[in-house]
Amino acid sequence: MAFAWKRDRNRDCCFVVDIVGAGFSWLLRLCRAGASRQAEAGVTGPTVKTPRSRAGAVWVGICIAALLLIVLVIFMLQNTRPVLVTFFSLEGTVPLAIALLIAGVGVGLIALVVGTVRIGQLRRRLSQERRS
């Protein structure tokens, strides 16, 4: 059995599916509800876009964060070999994944502090410009 998908050039929102099997061939036309009647009549309505919302952006962010968390857990489970870590005169062994996680959190905190300072500078400059 074989499937072939093609966009129907005559209709704006239709797809043609050609299903070929042993001894049969079907041609299906998949359209949005009412689209074929509108296209045949030459009527095209305005396209309505759903406005983006903060809740939608938060949902996408949560999904991405969940996927990254799953990847991080898999990484940590695969990298449990102990490594020697030396910091100034302190020395010890920790799993590789934990050492990398601590280093990443440290870099993230440094970036957070630098970004916070810069945002504070910009806000002060903006408020001074508004006053003058």
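Trainee: Which residue in β5 is the bridge partner of Val83?

Mentor: The model is a predicted one. Strand β4 covers residues 82-87 and is joined to β5 by 6 bridges, with the two strands running antiparallel. For Val83, the bridge partner in β5 is Val94.

Trainee: How many residues stand between β4 and β5 in their hairpin?

Mentor: The turn of this hairpin contains Phe88, whose phi is positive, at about 55°. Strand β5 itself spans residues 90-95. Between β4 and β5 the hairpin has 2 residues.

Trainee: Is Pro95 buried, partly exposed or exposed?

Mentor: Pro95 belongs to strand β5. A residue is buried under 20% relative accessible area and exposed over 50%, with partly exposed in between. Because the relative accessibility of Pro95 is 34%, this residue counts as partly exposed.

Trainee: How far apart in space are Pro95 and Val83, C-alpha to C-alpha?

Mentor: Leaving aside residues up to four places away in sequence, Pro95 touches Asn79, Thr80, Arg81, Pro82 and Val83. Along the sequence, Pro95 and Val83 are separated by 12 residues. In space, their C-alpha to C-alpha distance is 6.0 Å.

Trainee: How many of the 6 residues of β5 are buried?

Mentor: Strand β5 lies largely in the open. In the chain as a whole, buried residues make up 9% of the 132 residues.

Trainee: Are α2 and α3 parallel, perpendicular or oblique to each other?

Mentor: Helix α2 (residues 54-78) packs against helix α3 (residues 96-131) at an angle of about 135°, and their axes are 7 Å apart. Angles of 65 to 115 degrees count as roughly perpendicular and those over 145 as roughly antiparallel. The two helices, α2 and α3, are therefore oblique.

Trainee: How many residues in the contact of α2 with α3 are nonpolar?

Mentor: From α2, the residues Leu72, Phe75 and Met76 take part, and they meet Ala97, Ile98, Leu100 and Leu101 of α3. The contact includes no polar and no charged residues. The number of nonpolar residues is 7.

Trainee: Which pattern do the helices and strands follow along the sequence?

Mentor: The chain contains 3 helices and 5 strands. Read along the sequence, their pattern is β-β-β-α-α-β-β-α.

Trainee: What share of the accessible surface belongs to carbon and sulfur atoms?

Mentor: The accessible surface of the chain is about 11,700 Å². Of this surface, the share belonging to carbon and sulfur atoms is 66%.

How values were computed
Residues are numbered from 1 along each chain as its sequence is written. This is a predicted model: local features need pLDDT of at least 70, side-chain atom pairs count only at pLDDT 80 or more; totals for chains, interfaces and linings use all residues. Side-chain values use heavy atoms; hydrogens and water are left out. Axes are lines fitted to C-alpha atoms, for helices over the stretch in contact, and angles run from 0 to 180 degrees between N-to-C directions. Helices (H or I, at least four residues) and strands (E, at least two) are DSSP runs, numbered from the N terminus. Angles under 35 degrees count as roughly parallel, over 145 as roughly antiparallel, 65 to 115 as roughly perpendicular and the rest as oblique. Contact means heavy atoms within 4.5 Å. Ala, Val, Leu, Ile, Met, Phe, Trp, Tyr, Cys and Pro count as nonpolar, Asp, Glu, Lys and Arg as charged, and the others, Gly among them, as polar. Buried means under 20% relative accessible area, exposed over 50%, partly exposed in between (1.4 Å probe, protein chains only). Two strands pair if DSSP finds at least two bridges between them. Accessible areas come from the Shrake-Rupley method with a 1.4 Å probe; for residues, only the protein chains shown count as cover.
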